[in-house]
Amino acid sequence: PNDRPAISGQLGLELELPLGNARARADLAEASNDVSAAEARLEAAERRIEIETANALDSFRSAQRRSELARQALDVARQLAEAEQESLRLGTTTALEVLEAQSSAREAELSLRRALVDQRSAENSLNHLLGRLLPRFAAPEASP
C-alpha cells in the first residue's frame, strides 16, 4: 500500500497424534509371535538332542555287547585251535584242520579288534554329545 514495501508470509503447523494404540498392539503381537517361534525352535532342538543322545547311548551299549560277544568267540576259537593241535599231536586229525582252526582264531581276533574300535567310536560320539570330549582334549591354557 502507498508504495511501501510489504512482506507477506504464511505459517502452517501440522500435528499428527495417534488416535489409538494400534501400532503398539501390532508391535506386541509381532514380538509375541517371535517369542513363540523361538520357543518352538528351542523345543525342537531339545527333542533332537534327546533323540541323538538316546541313539548314541544305544549304539554304545550295542558296541559294548558286540565286544563282549567277540571276546567270547575269540576264547572259544582259541580253545578249538589248541584242541585241534592236541588232536594232531595224538594223530586223530590233519594239519589242514589245525590250520583252519588257527585261521578261525585269527578271524575272531580281528572281529574283536573291530568291535573294540566300534565301541571306542560310539563312546566318543556319546561323550561329544554329553559335552565330555572337549574338556578332556582341550589344550591347557598357558600361565603368564
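A salt bridge is a side-chain nitrogen of Lys or Arg within 4 Å of a carboxyl oxygen of Asp or Glu. In this predicted model, the side chains of Glu123 and Arg120 meet in such a salt bridge, at 3.5 Å from N to O. The count for the model comes to seven salt bridges. The protein chain that carries them has three helices and zero strands.

**Fold and dimensions**

- From the N terminus on, the elements of the protein chain run α-α-α.
- The radius of gyration of the protein chain is 40 Å, whereas a compact globule of 144 residues would have a value near 15 Å.
- The C-alpha trace spans about 150 × 45 × 30 Å along its principal axes.
- Of the contacts between residues at least 6 apart in sequence, 70% join residues at least 24 apart.

**Surface and charge**

- Buried residues account for 15% of the 144 residues in the protein chain.
- The accessible surface comes to about 12,200 Å², and carbon and sulfur atoms contribute 55% of this area.
- The protein chain bears 18 positive and 24 negative side chains. The centres of these two sets lie 4 Å apart.

**Salt bridges within a helix**

- In helix H1 (residues 22-90), Glu68 and Arg65 lie three residues apart, about one turn of the helix. These two residues form a salt bridge whose closest N and O atoms are 3.1 Å apart.
- Glu68 is partly exposed, with a relative accessible area of 40%, and Arg65 is likewise partly exposed, at 45%.
- Glu123 and Arg120 both belong to helix H2 and are three residues apart, about one turn of the helix.
- Arg120 counts as exposed because its relative accessibility is 53% and the cut-off for exposed is over 50%. Glu123, with a relative accessible area of 25%, is partly exposed.

- Arg78 forms a salt bridge with Glu109, and the closest N and O atoms are 3.9 Å apart. This pair links distant parts of the chain, with Arg78 in helix H1 and Glu109 in helix H2 (residues 95-129), 31 residues apart.
- Both partners are partly exposed: the relative accessible area is 40% for Arg78 and 25% for Glu109.

Notes: Residues are numbered from 1 along each chain as its sequence is written. This is a predicted model: local features need pLDDT of at least 70, side-chain atom pairs count only at pLDDT 80 or more; totals for chains, interfaces and linings use all residues. Side-chain values use heavy atoms; hydrogens and water are left out. Helices (H or I, at least four residues) and strands (E, at least two) are DSSP runs, numbered from the N terminus. The radius of gyration is taken over C-alpha atoms; the globule rule is 2.2 Å times the number of residues to the power 0.38. Buried means under 20% relative accessible area, exposed over 50%, partly exposed in between (1.4 Å probe, protein chains only). Contact means heavy atoms within 4.5 Å. Accessible areas come from the Shrake-Rupley method with a 1.4 Å probe; for residues, only the protein chains shown count as cover. Lys and Arg count as positive and Asp and Glu as negative; His and the chain ends are not counted. The place of a charge is taken as NZ of Lys, CZ of Arg, CG of Asp or CD of Glu.
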